[in-house]
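Please look over the model shown here with its sheets, its ligand and a few backbone details in mind. The report takes these topics in turn.

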Amino acid sequence: MKGNDIISLFDKYVMPTYGRQPLVFVRGKGARVWDADGKEYLDFGGGIAVNVLGHAAMTEVLAKQSSILVHCSNLYYTEPQGLLAKRLVELVGIAGKCFFCNSGGEANEALYKLARKFGNGRYEILTFTGSFHGRTLAGISATGQEKVKKGFEPMVDGFRHVPFNDLDAVAKAVGPKTAAILVEPIQGESGILPAKPEFLRGLRRLCDERRLLLMFDEVQCGIGRTGNFCGFKSIASDVQPDAISWAKGLAGGFPIGAIWVRAPYADLLGPGTHASTFGGTPLACAVALTVLDTIEREHLVENAKRIGDYFVGRLLELAKKSGAIKEVRGFGLMIGVEFTMEAKSVISKLADGGLLGIAAGMHVVRFLPPLNITRAEVDEAMGKLERALESL
Ligand code: PLP
């Protein structure tokens with residue numbers, strides 16, 4: 001089908017919940033995708049931090065596991081789910097257990113329920129201004145941005161937003177009903193905004209003093225993207241959370257979500273308290289295990305740090321020359337470039353030149369390429385970015 005015909009199908013039959021760019025993609029390989037007219041793009045959006053190994057990278061495991069066992073109810077045991085849970089606990093490096101679901105929003109739902117079970121009557125969760133926790137009803141209630149809530153009131157009870165990186169404000173906000181604090185160690189959707197190390201350490205102290213769970217939403221900043229498997233370790237490696245949520249990159253583009261819960265609380269959600277029909281299928285878990293194997297075998301966490309540092313260095317050089325760039329914020333391959341003009345116009349110019357980036361807020365363009373991106377691909381992307389800025 002031609003690109004315009006596909007867009008017409010969407011106009012007629014797909015609900016208009018997304019502001020889509022007029023680009024129709026038909027295939028991908030590694031860090032590249034091709035549109036319906038055969039034009040090639042360097043994909044530095046990575047499906048919003050999902051395609052950690054690039055495109056068409058899990059073919060073998062998908063084919064193999066799909067010929068063995070695709071789905072099996074959680075009423076039974078399967079090897080891939082057990083092995084994946086073990087692997088994730090080892091990667092966090094703190095004793096605990098995992099629960100599996102299908103997306104980031106759903107992983108956070110498990111955290112909200114964990115907090116309420118832990119709170120035993122205390123039900124309030126503090127989250128932060130600018131945060132993003134997903135589009136479920138509780139997700140938009142947890143999210144510290146008004147724009148996602150508009151038109152969907154009333155919100156789910158029990159979420160309160162506190163200024164990000166303001167420890168005094170958090171201490172004051174804790175009340176008799178507070179059970180937990182949920183924070184993105186690096187806020188993604190609002191423009192790659194990191195928590196300060198002292199803020200994360202202060203949250204840990206506060207949670208210990210006031211008997212609260214400290215929960216990290218690592219849906220975007222986890223799975224090696226920041227140059228550490230856990231995003232929080234790129235901010236303050238000494239801080240121990242009580243729970244973490246993941247999704248996006250965990251199976252490199254195959255849908256999966258998960259939470260890890262620290263040992264003392266890992267059995268709080270007992271039989272009958274939480275479930276997901278598709279959560280942790282043998283297929284999803286086998287793909288995730290292969291993704292994690294590949295990340296380890298090819299040293300991709302180290303690559304994210306090394307190439308990320310190189311990319312940020314090049315962006316900072318460009319920022320010195322170009323009045324269009326206000327700030328560059330980077331943690332491994334989770335990079336935000338704040339422009340003086342609207343991100344939307346930069347993104348559309350970049351796409352014209354064959355480079356994909358993702359807007360975050362009004363002025364920030366995020367680059368979230370595969371973790372196996374090369375220096376040569378970064379150089380190519382920089383050339384495209386420089387040319388786009390010249391023509392803007
Ligand atoms: N939490 C964070 C930090 C995210 O960035 C996102 C998605 O962008 C979500 C949660 C929601 O994940 P999903 O879209 O898989 O439900």
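## The four-strand sheet

Four strands form an open sheet in the order E13-E14-E17-E16, and their pairing is antiparallel. At its edges stand strand E13 (325–331) and strand E16 (358–360), each of which pairs on one side only. Neighbouring strands of this sheet are turned against each other by 25 degrees on average, direction ignored. Within the sheet, strand E14 (residues 334–339) and strand E17 (residues 364–367) are joined in the antiparallel sense over four bridges, and Ile335 stands opposite Phe367 in E17.

Some conventions apply throughout. This is a predicted model, in which local features need pLDDT of at least 70 and side-chain atom pairs count only at pLDDT 80 or more, whereas totals for chains, interfaces and linings use all residues. Residues are numbered from 1 along each chain as its sequence is written, and side-chain values use heavy atoms, with hydrogens and water left out. Helices (H or I, at least four residues) and strands (E, at least two) are DSSP runs numbered from the N terminus, and two strands are said to pair if DSSP finds at least two bridges between them. The angles come from axes fitted as lines to C-alpha atoms, and they run from 0 to 180 degrees between N-to-C directions.

## The seven-strand sheet

A further open sheet has seven strands in the order E4-E12-E11-E10-E7-E5-E6, with mixed pairing. Strand E4 (96–101) and E6 stand at the edges with a single partner strand each, so one side of each is left without a neighbour in the sheet. From one strand to the next, the twist averages 20 degrees.

Strand E5 (residues 124–128) and strand E6 (residues 159–162) pair in the parallel sense over four bridges, and the bridge partner of Thr127 in E6 is His161. Together with helix H6 (residues 137–142), E5 and E6 make a right-handed β-α-β unit; right-handed here means that, with the strands pointing away from the viewer, the path from the first strand over the helix to the second runs clockwise. Strand E10 (residues 213–217) and strand E11 (residues 243–246) also run parallel, joined by three bridges, and in E11 the bridge partner of Asp217 is Ser245.

## Around the ligand

Which residues come nearest to the ligand? Of the 13 residues around the ligand, these are Gly104, Gly105, Asp217, Gln220 and Lys248, where a residue counts as near if one of its heavy atoms lies within 4 Å. Helix H5 (residues 104–119) gives the largest share of this shell, namely three residues. By class the shell has two nonpolar, seven polar and four charged residues, with Gly counted among the polar ones.

Polar contacts are pairs of N or O atoms within 3.5 Å. A polar backbone atom of Gly105 is 2.7 Å from an oxygen atom of the ligand, a polar side-chain atom of Gln220 also lies 2.7 Å from a ligand oxygen, and for a polar side-chain atom of Lys248 the distance to an oxygen atom of the ligand is 3.2 Å. Taken alone the ligand exposes 390 Å², of which the protein buries 81%, as computed by the Shrake-Rupley method with a 1.4 Å probe.

## Backbone details

The peptide bond from Glu153 to Pro154 is cis, with omega near 0 degrees, and Pro154 has its place in the loop between H6 and E6. Asn120, in the loop between H5 and E5, has a phi near 50 degrees, which is a positive value in a residue other than glycine.

Conventions. Polar contact = N/O pair within 3.5 Å; in protein donor to acceptor, adjacent residues only side chain to side chain.
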